[in-house]
Amino acid sequence: MDLGLVGLGKMGLNMATRLLRGGHRVVAYDLDEAAIEAAEADGADGARSLGELIAKLPAPRAVWVMVPAGEPTESTIRDLAERLSPGDTILDGGNSNYKDSMRRAAMLKEKRLSLLDVGTSGGVWGLAEGYSMMIGGEEAAVERLRPIFETLAPAPDKGWGHVGPSGAGHFVKMVHNGIEYGLMQAYAEGFDLMQHKTEFGLDLHRIAEIWRHGSVVRSWLLDLAANALAENPTLEGIAAHVEDSGEGRWTVAEAIDLACPIPVITLSLQRRFRSRQESPFADKLLAALRQQFGGHEVKSEK
């Protein structure tokens, strides 16, 4: 099956490689010429414009967009909509807000185009392990593109599925990432507690390896923690600064709108915010208050 792929970052290139190995034809486009050449070297048919990409695809066309969420995705889908023909399908595999996906699907429907919002998980490991895909949109479009999803997934019948109407795919992926925040925070806190118990001289990498087999807390995230601790047991040189890519915020905002309590995910997001503050004003105020009411010592900044 032929697929147009717009956006050749690391994940996009890996997806192209997996599709090519599965016998599909990929027409690849990116703003970066070097990225196009890398895709061509792997067997893809390169395009130097969206118009050229569309011209190289047989109807009904399918174009997968793998560009950053927000304006890059918005402008790319808008440009494609002006060039594609009725019956064609756009797939958004980025981390778009599900409300944007619902709006875009409605806009494309007026042009008799389909949008599939494909929440995609797998990161840099997707090439070898396959991608988990949560798909929202018209079921008929999903079925037509089944061979693409079966190739990208860990197995034809595992790791992917149609989860609901337009927006549902990105909504489920948003919640997936919120859960990821909570799991990562729990592992971080547990290993931190063990690191503080200096009298036992605990080998954190060895403990991670023990937990990886048979334990109720075994997971792929634990596998990655074991890898990190094997490479750098004390995590020397790594700043305690944790970014967030947006999905955690959207998850918490949605929970507020629905009055649905998600305290673990919410606190894990707040903890990431805290990690970016070198000298939190709130803690300074706490120290000042203790001095005010109890005469407690205040330490000076170094």
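This is a predicted model: local features need pLDDT of at least 70, side-chain atom pairs count only at pLDDT 80 or more; totals for chains, interfaces and linings use all residues.
Visitor: How is a pair of aromatic rings described?

Guide: In general, a pair of aromatic rings is described by two things, the distance of the centres and the angle of the planes. A search of this whole structure finds five aromatic pairs. One of them is formed by Trp125 and Trp220, whose rings are 6.1 Å apart from centre to centre with 90° between the planes, so that the pair is edge-to-face, since planes over 60 degrees apart count as such.

Visitor: Where in the chain do Trp125 and Trp220 lie?

Guide: The pair links distant parts of the chain, for Trp125 is in the loop between strand S6 (114–121) and helix H6 (126–129), while Trp220 belongs to helix H11 (residues 220–231), and 95 residues separate the two.

Visitor: Is Trp125 buried, partly exposed or exposed, and what is the relative accessible area of Trp220?

Guide: Trp125 has a relative accessible area of 36% and is therefore partly exposed, and Trp220, with a value of 42%, is partly exposed as well.

Visitor: Which residues do ring pairs link into a cluster?

Guide: Trp64, Phe149 and Trp160 are joined by ring pairs into a cluster.

Visitor: Which charged ends sit over a ring, and over which ring does each one sit?

Guide: The charged end of Lys197 sits over the ring of Phe200, at 5.5 Å from the ring centre. Another case is Arg272, whose charged end is placed over the ring of Tyr181, 3.7 Å from its centre.

Visitor: What should I expect of phi and of the peptide bond in most residues?

Guide: Most residues other than glycine have a negative phi, and most peptide bonds are trans. Against that background, the peptide bond from Ala59 to Pro60 can be read as a cis bond, with omega near -10°. Pro60 itself is placed in the loop between helix H3 (50–55) and strand S4 (62–65).

Visitor: Which residues have a positive phi although they are not glycine?

Guide: Arg112 is one of them, with a phi of about 60°, and Leu235 is another, with a phi of about 55°. Arg112 lies in the loop between helix H5 (98–110) and S6, whereas Leu235 is found in the loop between H11 and helix H12 (247–258).

Visitor: Do Arg112 and Leu235 count as buried, partly exposed or exposed?

Guide: Arg112 has a relative accessibility of 61% and so counts as exposed, while Leu235, at 39%, counts as partly exposed.

Notes. Residues are numbered from 1 along each chain as its sequence is written. Side-chain values use heavy atoms; hydrogens and water are left out. Rings of Phe, Tyr and Trp (its six-membered ring) pair if their centres lie within 6.5 Å; planes under 30 degrees apart count as stacked, over 60 as edge-to-face and the rest as tilted. Helices (H or I, at least four residues) and strands (E, at least two) are DSSP runs, numbered from the N terminus. Buried means under 20% relative accessible area, exposed over 50%, partly exposed in between (1.4 Å probe, protein chains only). A charge sits over a ring if NZ of Lys or CZ of Arg is within 6 Å of the ring centre and within 35 degrees of the ring normal.
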